[in-house]
Structures are given as C-alpha cells and as structure tokens.
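Please keep the sequence and the model in view while reading.

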Amino acid sequence: MDHEHNLDHGSVKSYLVGFVLAVILTVIPFYLVMNLSMSKVATLYTIFAFAVVQIVVHLKYFLHLNFTTETGRLNTISFLFSALIIGLVVGLSLWIIFSANNLMMF
C-alpha cells in the first residue's frame, strides 16, 4: 500500500523533465515577443498554444494528475469541477467589473 502511494508522487527525474519542459515552454514565447518576428495576432495565438501545453505539463509532472485509472476518473471530475468554479469566478468577476465601469460612464 505504501509503495502505491509513493508512485503517485513522481520521482526526481519526472520533476526535472517537468521543469525543463516548463522552462522551454516559457522561453520560446518570451523570445517570440522580444524578437518581434511574427505579427501580433500570430504571436498571441502562439503564446496561447504554449500556455495550454504548459498547463498540461504542470498537471502531469507537478500535480501528478492521472487520467487513466479509476483514481484518474476521480481526478478528472475534481479537475473539471475546479476549472468550472475558477472559470465562473473569473468570468463573472470580469462581467461585474465591466458592467460597473459602463454604469460609471453615464
């Protein structure tokens, strides 16, 4: 039982792989912005794509979410519920702020 528990936490190698991937996924968009080699729209889409990939890297290597087994199903439901709540809080907060701003203009 204790051995199974330790498998969920990852190893030094998995943390190093996650760290290297996170650094690479941060440096490339930073370089694109500083270099100004692409249009603004293409740069924004590229940054968004790298951000999504970086989220997946963090979920896999640092949060150790496993989406394959029975516990993976529970992880998936918990993650989706958390993402929903965070999305609602952020989205509704932005809606309230913009609505308040529009009301202040009159």
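A residue is called buried if its relative accessible area is under 20%, exposed if it is over 50%, and partly exposed in between, with a 1.4 Å probe and protein chains only. This is a predicted model, in which local features need a pLDDT of at least 70 and side-chain atom pairs count only at pLDDT 80 or more, while totals for chains, interfaces and linings use all residues. Residues are numbered from 1 along each chain as its sequence is written, and side-chain values use heavy atoms, with hydrogens and water left out.

The pLDDT is the predictor's confidence in each residue, on a scale from 0 to 100. Its average over the chain is 86, and 91% of the residues score at least 70.

The chain contains 4 helices and 0 strands; its pattern along the sequence is α-α-α-α. Helices here are DSSP runs of H or I with at least four residues, strands are runs of E with at least two, and both are numbered from the N terminus.

How does the radius of gyration of the chain stand against that of a compact globule of 106 residues? The chain has 19 Å, whereas such a globule would have a value near 13 Å. The radius is taken over C-alpha atoms, and the globule rule is 2.2 Å times the number of residues to the power 0.38. Along the principal axes, the C-alpha atoms fill a box of roughly 65 × 35 × 20 Å. Of the 106 residues, 14% are buried. Contact means heavy atoms within 4.5 Å. Among contacts between residues at least 6 apart in sequence, 57% join residues at least 24 apart.

Consider α2 next. The expected span of a helix is 1.5 Å times one less than its number of residues. For the 24 residues of α2 this gives 34 Å, and the end C-alpha atoms are 34 Å apart, which agrees. Its buried residues are Ser14, Gly18, Ala22, Leu25, Pro29 and Leu32. These buried residues pack against α3.

After α2 comes leucine 36, in the loop between α2 and α3. Leucine 36 is exposed, because its relative accessible area is 70%.

In α3, 23 residues should span 33 Å, and the end C-alpha atoms are 31 Å apart, which agrees. The buried residues of α3 are Thr43, Thr46, Gln54, Val57, Leu59 and Tyr61. What covers them includes α2 and α4 (70-104). Isoleucine 55 also lies in α3, but at 49% relative accessibility isoleucine 55 counts as partly exposed. Isoleucine 55 and threonine 43 are 12 residues apart in sequence, and their C-alpha atoms are 18 Å apart in space.

α3 is followed by histidine 64, which is found in the loop between α3 and α4. Histidine 64 is another residue other than glycine with a positive phi, near 55 degrees.

The side chains provide two ring features. Rings of Phe, Tyr and Trp (its six-membered ring) pair if their centres lie within 6.5 Å; planes under 30 degrees apart count as stacked, over 60 as edge-to-face and the rest as tilted. The structure holds 1 aromatic pair. Why is the pair of tyrosine 15 and phenylalanine 62 stacked? The ring centres are 6.3 Å apart and the planes are at 25 degrees, so the pair falls in that class. The pair links distant parts of the chain, with tyrosine 15 in helix α2 (residues 12-35) and phenylalanine 62 in helix α3 (residues 40-62), 47 residues apart.

Tyrosine 15 is partly exposed, with a relative accessible area of 36%; phenylalanine 62 is also partly exposed, with 27%. Leaving aside neighbours within four places in sequence, phenylalanine 62 is in contact with Tyr15, Gly18, Phe19 and Val57. Phenylalanine 62 and phenylalanine 19 are 43 residues apart in sequence and 8.7 Å apart in space, C-alpha to C-alpha.

The other ring feature involves a charge, which sits over a ring if NZ of Lys or CZ of Arg is within 6 Å of the ring centre and within 35 degrees of the ring normal. Lysine 60 lies over the face of tyrosine 61, at 5.4 Å from the ring centre.
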